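Here is a short briefing to read beside the model. Please keep the sequence and the 3D view open as you go.

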Amino acid sequence: MKTTDVRVRRAITAVAAGHPVVLTDGTDRDGYLAFAAEAATPRLLAFTVRHTSGYIRVALPGSECERLNLPPMCHRDDAHRVSVDLRGTGTGISAGDRARTIAALASPGSDASDFLRPGHVVPLQTRTHGVLGRQGPAEAAVDLAYLAGRRRAAALSEIVSHRDPARMARGTELVEFAVEHALAVVSIDELVAYRRRTEPQVVRLTEALVPTWAGKSRVIGFRDAHDGGEHLVVIVGAPDAGIPVPVHIHVECLTGDVFGSKACRCGGELRGALTRMSAQGSGVILYLRPPGRPRACGLFARSAAGDAVSDTVAWILRDLGVYELTLSDDMPGFGLVLFGAIREVIHDAS
């Protein structure tokens, strides 16, 4: 098991047990103490208040913010919502009062009338798809709660430096804090990578036999599970089981693929791959269409293939049952990062 997976799973186990974890962004920036909101207790809140800024927020999905009538705090920031106190909690500021409010925000039985506004706990609306939609601490905290089998609600607050209480803890001090209090540590990047590798990133939509100049080919359509990008797989011939399948990965280029632009090699590489596979009698072409505006070399800036593209490819191959493959030498912009991602996802499935 990868070391990063061990850290993520350790954090998930801790959150499931009602313990806090130290959440970082993987760089020398602020770190957060985070825990499942439904697990809030006076003791846990007292620990949080003692070691953090005390500005405790509760990350919630947009649907919960709407259900509980939690409007934006100001028109320029729709993430931070009007602060609340649970009715009947006295002043609302004590650790016990805030624990009750936080747990109530996570409860499916709560409704809008249960809360006073303004109060001492700040709800924070998260983006759709968690860290796969926005790589922020609020999304990461909610993802950890959900992966731990808890409600999609998490409390978080920035950890204060013990060396200099006027500053926030960063870097090695966050690790030292976690070791001192026996807390799991996980970064947002590790959680992103874990979710991309363990959760299907594509959905199969449709399939048809299409006559092409390379012969009658089986064409399968896929869609990204989160950002809506749509992709095609063209299967030339009938690849033999047990024999590595020739695979060419191509990112859409409108100018090169359709209009034959000579400003790039995209169209030539695609046609060359089809020609080779037609001659060999078998092969698989993955035609990727990133979300947003069309990709067109010489017209729009060409973006580099990132981890998300690598994981998309890996999950498509896994869906196809292609576990032995030979990658084309002329695939632009992928390299060892792509091959590594493919190996990881396929290894998990086989």
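In which loop is Asn69 found? Asn69 is found in the loop between helix 3 (62-67) and strand 4 (72-74); helices (H or I, at least four residues) and strands (E, at least two) are DSSP runs, numbered from the N terminus. This is a predicted model, where local features need pLDDT of at least 70, side-chain atom pairs count only at pLDDT 80 or more, and totals for chains, interfaces and linings use all residues. Residues are numbered from 1 along each chain as its sequence is written, and side-chain values use heavy atoms, with hydrogens and water left out.

**Backbone points**
- Asn69 is not a glycine, yet has a positive phi of about 55 degrees.
- Asn69 is partly exposed, at 46% relative accessible area (buried is under 20%, exposed over 50%, partly exposed in between; 1.4 Å probe, protein chains only).
- Ala182, in the loop between helix 6 (172-180) and strand 9 (185-187), also has a positive phi, near 55 degrees.
- Ala182 counts as exposed, with 69% relative accessibility.
- A cis peptide bond, with omega near -5 degrees, runs from Arg117 to Pro118, and Pro118 is found in strand 7.

**Largest pocket**
- A pocket is an open set of points on a 1 Å grid over the protein atoms alone, where a 1.4 Å probe fits, with protein on both sides within 12 Å along at least five of seven lines; lining residues have an atom within 4 Å of a point.
- The lining of the largest pocket has 26 residues, and Gln125, Thr126, Arg127, Thr128 and Glu139 lie nearest its centre.
- Helix 5 gives the largest share of this lining, 7 residues.
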